[in-house]
Amino acid sequence: MNIYLGIDVGSISTNLAVIDEEKKVLAWEYLLTGGRPIEAVQRGLKEIEKKLPSQVEIRGGGSTGSARHLTGILIGADTVKSEIIAHAVAASHLIPEVKTIFEIGGQDSKIIIVRDGVVVDFAMNTICAAGTGSFLDHQAQRLGVPIEEFGNLALQSKTPTRVAGRCTVFAESDMIHKQQTGHATENIVAGLCQALVRNYLNNVGKGKELLPPVVFQGGVAANKGMKAAFEEELGYEVIVPEYYHVMGAIGVAILAQETIVETKKTKFKGFEVSEVDYKTRSFECTGCPNLCEVIEVLMSGEVISRWGDRCGKWEVLEK
Amino acid sequence: MAIKVGIPRALLYYRLYPFWKTFFNSLGIEVVVSDKTTKKLLKEGLKYVPDEACLSIKVAFGHVKDLIGKVDYLFLPRLVSLERGTYICPKFIGFPDMIRSAFDNLPPVIDTSFNLRRRPSNLFLPMCRIGRIFKKSFLSIHQAYKKALEEESKYLSSLRKGNLLPEVLSSWEENPPPLLNTHLKSKSGGELRIALVGHPYNLYDFFVNLNIIKKLENLGARVITPEMVSPLAIKKETDKIPQEVYWSLGREIVGASFYLIESGSIDGLVHLGSFGCGPDSFLRELIADKIRKYPEIAYLSLILDEHSGEAGLVTRLEAFIDLIERRKAKVRS
């Protein structure tokens, strides 16, 4: 059986997905990046390999997410694409009539506008991280609510508390104030979801034409309270797909399959890369006052790639 | 030894340098330009910047700081208006005063006012005043002025032929920053044409914009900028806007954008704004409003500040180019 692998390495989670020629998801893996993208990718590869039938041939691989370039070098990716395109491709494949995609991840959130199966516009959160997974995680911890129960708790609320959601710092102060004045936890939790949704729609979704069907994906889509808050604000159903948390990986697996149609032969190095000794190190270039931090990737002690310099003089490797 | 006049490599440097340089050199005055923008240069200037300055003013402070101690005069002309009916940004008008109040070890500042709003033919007058500071004769000032105008028109016409500004400007510069532009052909065949619009000090300062022109070219785009559009075409477009756009550069950005959008010659348009810029916040919306009527052209708005992260910029640019390429592929199939 021919299969394609997609890896999405984000700030919080590393996701892998394997699809077959019909783009059916055969296996997926979701693990925490924990600030060590290389280890996460290697661990993920080991885990997902166990879930695959024995007679498979990897025809292609792709990487996406904020560590896409690093991952691409690591695994020998056939395609390295931004999260926006990967998410859009996966959503359009699973829900072909999709017009709007909400994607809320660990540290960023984006909106993607799709018409007739192609992306026509997108936006990402700029300087503000309010409304992303990290913030929810942090507040859940503060309220003593396990993040898994956060959504269900929000759904129990009949009168959500109004929380100021413009800024995470102020949202937190406002939430503490509401707690002190005796608001019930479920109401605060529900109010927080509503505040985040307002924030998202006003910042990331500003000026965009939000037409249904809307697909809501990324780690935060697990939160039923957020889904309900979106639906209340928009007035129509918001679809959370089955593989909402690994959509980026599925998308880039599909993109890898598309690439292989043209290039025929994969550059994927095989599952063995999970055993190879990869390291990264950095140094400060003192060639000019910019003092760029240059990152080097080493495979078994040998430098295989460099980036981080503004002028590009380190990018070229001397053989 | 020749007198040295310092010109900061910031703000309207990118437009007016050939003119200023020719004028001063013809009078036997040496011109010293501040170093290219670096992390250190920006940081040094930030210590002196008043609150509420935009990114471009912050950068300019760094360049002024860089010149202190290296020159006999600082050239910070008060640019009020450079053409009929429009103004330069008020922050530029107040720039010499901001500098005076921030630094106390300044060399003499030449802050001659340029206000051509009513009579564009009055350009010689302020040039005369500058020349007289150095006790030059009217005849030699006039000759230097004529020569400066000639050089400027050479500069502008080369830009309008579609050459990128840093390449053209480098022939007037003593130590031009290394050129990072190489016109690459698109990998997937069929070159993408991307308009990159914004204030020249954002478009051509490679540090401030994280080298966006090279990034776009590496992604297979041919970059088109407002300087490549003729003033006549710009005027035709801005005349159609009911409300006058009275900032010189803003008018140019809007006019050039509208012209390029309507000409059908571009696949996408990127507006590059700087944080804290008032006009940019209007321009962005004017352009977005126009481009909505042309669904075949993709639009991306980016805002730069001194903390701009490379990752965010790269992700947006990659997605933007992918979006255009995938759409083109879909149309072809």
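On a 1 Å grid over the protein atoms alone, a cavity is a set of points where a 1.4 Å probe fits but cannot get out, and lining residues have an atom within 4 Å of a point. This is a predicted model, in which local features need pLDDT of at least 70, side-chain atom pairs count only at pLDDT 80 or more, and totals for chains, interfaces and linings use all residues. Residues are numbered from 1 along each chain as its sequence is written, chains are lettered from A and ligands numbered from 1 in the order written, and side-chain values use heavy atoms, without hydrogens and water.

**View 1. The largest cavity.** The structure holds two cavities of 30 Å³ or more. The largest has a volume of about 210 Å³ (the space filled by probe spheres set on the grid points, which are joined across faces, edges and corners). Of its 15 lining residues, B:Ala10, B:Leu11, B:Leu12, B:Pro77 and B:Leu79 are the closest to the centre. The lining has 15 nonpolar residues, no polar and no charged (nonpolar: Ala, Val, Leu, Ile, Met, Phe, Trp, Tyr, Cys and Pro; charged: Asp, Glu, Lys and Arg; polar: the others, Gly among them).

**View 2. The second largest cavity.** Its space is about 50 Å³. Among the lining residues are B:Ser56, B:Tyr201, B:Asn202 and B:Asp205. B:Ala10 and B:Leu11 also line this cavity. The lining divides into five nonpolar, two polar and one charged.

**View 3. A salt bridge between chains.** A:Lys81 and B:Asp322 form a salt bridge, with the closest N and O atoms 2.7 Å apart (a side-chain nitrogen of Lys or Arg within 4 Å of a carboxyl oxygen of Asp or Glu). The pair crosses from the loop between β5 (79-80) and α3 (83-94) of chain A to helix α14 (residues 310-332) of chain B (helices, H or I, at least four residues, and strands, E, at least two, are DSSP runs numbered from the N terminus). B:Asp322 is buried, at 8% relative accessible area (buried is under 20%, exposed over 50%, partly exposed in between, with a 1.4 Å probe and protein chains only).

**View 4. Salt bridges within chain B.** B:Arg15 pairs with B:Glu252 in a salt bridge, the closest N and O atoms being 2.5 Å apart. B:Arg15 lies in helix α1 (residues 13-26) and B:Glu252 in helix α12 (residues 248-263), so the pair ties together parts that are 237 residues apart in sequence. Both B:Arg15 and B:Glu252 are buried. B:Lys215 meets B:Glu310 in another salt bridge (2.6 Å, N to O). B:Lys215 is buried at 17% relative accessibility, whereas B:Glu310 is partly exposed at 32%.

Notes:
On a 1 Å grid over the protein atoms alone, a cavity is a set of points where a 1.4 Å probe fits but cannot get out, and a pocket is an open set with protein on both sides within 12 Å along at least five of seven lines; lining residues have an atom within 4 Å of a point.
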